[in-house]
Amino acid sequence: MDKLLSLFENADPFKTWWPAIAALVFGLVIIVRTLMSGQRCPNDNQIRDQIVVVTGANSGIGLEIAKALAARGGRIVLACRNMAAAERAARVIKRELECQRLHPTHSIAASDAKYFVEARYLDLRSFESVHRFARRITGEFERIDVLINNAGIIFGPLGARTIDGYELHLQVNYLSHFLLTQLLLPHLQRSPSGGRVVNVTAHAHAAAKIDFDDPLNVGTWAVNFHARDAFAHSKLAVLLATRWLARQMKGTPLTVNCCTPGLVRGTGHLRRYFVL
Ligand SMILES: NC(=O)c1ccc[n+]([C@@H]2O[C@H](COP(=O)([O-])OP(=O)(O)OC[C@H]3O[C@@H](n4cnc5c(N)ncnc54)[C@H](OP(=O)(O)O)[C@@H]3O)[C@@H](O)[C@H]2O)c1
């Protein structure tokens with residue numbers, strides 16, 4: 001031990017570049033982690049009794065969106081393929097909000113709140129599942145106020161196709177959400193607040209290359225795709241479809257937006273690939 005301590009005492013940090021390089025890398029990791037941890041939403045708006053559908057809400061960003069909107073008084077439907085995880089998420093959200101209400105750290109909707117957070121089955125790999133989900137939801141609720149198309153996959157199996165014959169990233173991230181939006185549109189338009197669609201996309205769209213001879217990527221190109229390209233392609237499709245629908249809805253009270261969350265640490269999306 002004494003030998004080790006004297007080694008540190010006598011070490012000359014300027015003799016080699018390694019300590020400086022290690023400190024630089026460490027500093028960069030800290031900066032990126034800090035930036036990725038995000039900020040708290042600055043406004044305190046309430047959405048009392050608004051019906052909000054969030055896809056992929058059993059984990060990651062979707063779970064946080066669902067919790068934040070339930071805290072503001074929304075009635076939240078978690079649209080998920082893993083029902084056990086979704087029901088667990090609903091219980092966790094309600095329990096955490098109840099705890100925050102009893103020991104308030106920041107503003108929570110009404111003090112007599114009973115939180116409505118419920119799970120419904122939706123598998124975006126199948127159009128049939130999207131139709132079934134839409135039928136159930138439109139039968140259950142007379143209107144939908146907000147649809148948040150959040151679910152997504154990244155780095156899925158290369159060249160994989162869905163049961164409907166589409167490239168996996170494209171169907172899960174884009175096509176099924178597009179279909180879901182169209183099916184729920186009449187219900188969204190019944191919202192007294194005008195209705196709102198939010199599509200979650202990603203900066204990766206900037207790297208996408210869409211072959212406009214085969215925009216749905218059903219040709220042979222998909223086979224040669226790297227999963228990263230397939231993800232970027234699907235997110236560019238989300239962005240373009242958002243712009244298209246926003247133009248279609250111009251002059252109506254329905255708002256259509258997309259957003260990119262930036263890099264978010266600790267979700268399933270990037271956890272497997274980055275130490276951050
Ligand atoms: N994290 C980031 O840094 C980042 C950056 C840019 C964009 N985004 C976007 O943000 C959104 C949320 O991502 P996240 O980071 O929260 O990732 P996540 O933790 O992996 O969450 C993705 C969610 O989508 C669900 N999902 C996947 N395939 C589905 C399917 N076939 N049917 C229904 N649900 C399905 C997942 O359900 P299971 O648990 O059943 O898999 C999960 O709930 C995604 O659209 C993603 O592209 C994230």
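Q: Leaving aside neighbours within four places in sequence, which residues is F116 in contact with?
A: First the idea: two residues are in contact if their C-beta atoms, placed from the backbone, lie within 7 Å. By that rule, F116 is in contact with R75 and I76, leaving aside its neighbours within four places in sequence. Keep in mind that this is a predicted model, where local features need pLDDT of at least 70, side-chain atom pairs count only at pLDDT 80 or more, and totals for chains, interfaces and linings use all residues. Residues are numbered from 1 along each chain as its sequence is written.

Q: Where is F116 found?
A: Helices and strands here are DSSP runs, numbered from the N terminus: helices are H or I with at least four residues, strands are E with at least two. F116 is found in the loop between helix 4 (83–102) and strand 3 (117–121). F116 and A90 are 26 residues apart in sequence, yet 8.8 Å apart in space, C-alpha to C-alpha.

Q: Why does F116 count as partly exposed?
A: Count the C-beta atoms, placed from the backbone, within 10 Å of a residue's own: 20 or more others means buried, 12 or fewer means exposed, and in between means partly exposed. F116 is partly exposed because 16 other C-beta atoms lie within 10 Å.

Q: How many helices and strands does the protein chain have?
A: The protein chain has nine helices and six strands. Of its 276 residues, 34% are buried. Take the contacts with a separation of 6 or more: residues 24 or more positions apart account for 75% of them.

Q: Which residues have the most contacts inside the largest nonpolar core?
A: In soluble globular proteins, nonpolar side chains tend to be buried together. A nonpolar core is a set of buried Ala, Val, Leu, Ile, Met, Phe, Trp, Tyr and Cys residues joined through C-beta atoms within 7 Å. The largest one here has 60 residues, and V54, A66 and L78 have the most contacts inside it. Helix 6 (residues 168–188) gives the largest share of this core, nine residues. Not counting residues up to four places away in sequence, A66 touches V54, A57, I76, L78, I93 and V117.

Q: Is helix 3 mostly covered or uncovered?
A: Helix 3 is mostly covered, with ten of its twelve residues buried. Among them are G60, I61, A66 and K67. Now check its span. The expected span of a helix is 1.5 Å times one less than its number of residues. Helix 3 reaches 17 Å from its first C-alpha to its last, close to the 16 Å expected. Just after helix 3, G73 takes a positive phi of about 100 degrees.

Q: How many residues surround the ligand?
A: A residue is near a molecule if its C-beta atom, placed from the backbone, lies within 6 Å of it. Here 31 residues surround the ligand, and the closest are G56, G60, G152, T267 and G268. Helix 3 (60–71) and helix 9 (268–271) are the elements that give two or more residues to this shell. Now sort by type: Ala, Val, Leu, Ile, Met, Phe, Trp, Tyr, Cys and Pro count as nonpolar, Asp, Glu, Lys and Arg as charged, and the others, Gly among them, as polar. The shell divides into 15 nonpolar, 13 polar and three charged residues.

Q: What covers the buried residues of helix 8?
A: The cover includes helix 6, strand 5 (196–200) and strand 6 (255–259). Buried residues of helix 8 include F231, H233 and L236. R243 also has its place in helix 8. R243 counts as partly exposed because it has 13 C-beta neighbours inside 10 Å.

Q: In which sense do strand 5 and strand 6 pair?
A: Two strands pair if DSSP finds at least two bridges between them. Strand 5 and strand 6 pair in the parallel sense over five bridges. V197 stands opposite V256 in strand 6. The covered face of strand 6 holds V256 and C258, and the uncovered one holds T255, N257 and C259.

Q: What is the phi of D49?
A: Phi of D49 is near 65 degrees, a positive value in a residue other than glycine. D49 sits in the loop between helix 2 (18–36) and strand 1 (51–55). D49 counts as exposed because it has 11 C-beta neighbours inside 10 Å.
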